[in-house]
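Me: I am new to this structure and would like to learn how to read a strand in it. Where do we begin?

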Amino acid sequence: MLAAAPFVYALTARAMEVEVQMHFTSSAVRWLVAGVADAAFTDQGRTKTVRDFIVEARQAGVALYACSMALAEHRHSDEQLIDGVKMAGAATVIGASVEDGVRTLVF
């Protein structure tokens, strides 16, 4: 899966000192389950994994959120999330996206 774009945009925004939150919804929430992102490459050359980008984003100060509804559908009860992931639901995302000065990108 080619998934670099959301991370590239998030990292670019952080480099511009913009506060960034990434919300993982639907099956993409699996990337926040420990070990899953290690096998998800972001380019055809298989040079960088989603985990590489997650680590880089977290180091840059990007807040990572897992959709609670998506987790209920896509995570097994014995699976742990990676450290530092916060939970959010649809109301949280919509509420934040309508605040003044907030911009939302969807990938």
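Reply: Begin with one term: a residue is buried when its relative accessible area is under 20%, and exposed when that area is over 50%. The model here is predicted.

Me: Which residues lie on each side of β2, and are they buried or exposed?

Reply: In a regular strand the side chains alternate between the two faces of the sheet. In β2, Ala63, Tyr65 and Cys67 are on one side, Leu64 and Ala66 are on the other, and all are buried. The strand covers residues 63–67, and five of its five residues are buried.

Me: Which residue of β2 stands opposite phenylalanine 24?

Reply: That is alanine 66. Strand β1, residues 21–24, pairs with β2 in the parallel sense over four bridges. Alanine 66 also stands opposite methionine 87 in β3. Strand β3, residues 86–88, runs parallel to β2 and is joined to β2 by three bridges.

Me: Which helices belong to the β-α-β units that include β2?

Reply: Helix α2, residues 50–60, makes a right-handed unit with β1 and β2. Helix α3, residues 68–74, makes a right-handed unit with β2 and β3.

Me: What is the phi of glutamate 17, and where is this residue?

Reply: Its phi is near 65°, a positive value in a residue other than glycine. Glutamate 17 is in the loop between α1 and β1, and is exposed, with a relative accessible area of 72%.

Me: Where is arginine 46, and is it buried or exposed?

Reply: Arginine 46 lies in the loop between β1 and α2. Its relative accessible area is 56%, so it counts as exposed. Arginine 46 has a positive phi of about 55°, although it is not a glycine.

Definitions and conventions:
Residues are numbered from 1 along each chain as its sequence is written. This is a predicted model: local features need pLDDT of at least 70, side-chain atom pairs count only at pLDDT 80 or more; totals for chains, interfaces and linings use all residues. Side-chain values use heavy atoms; hydrogens and water are left out. Buried means under 20% relative accessible area, exposed over 50%, partly exposed in between (1.4 Å probe, protein chains only). Helices (H or I, at least four residues) and strands (E, at least two) are DSSP runs, numbered from the N terminus. Two strands pair if DSSP finds at least two bridges between them. A crossover is right-handed if, with the strands pointing away from the viewer, the path from the first strand over the helix to the second runs clockwise.
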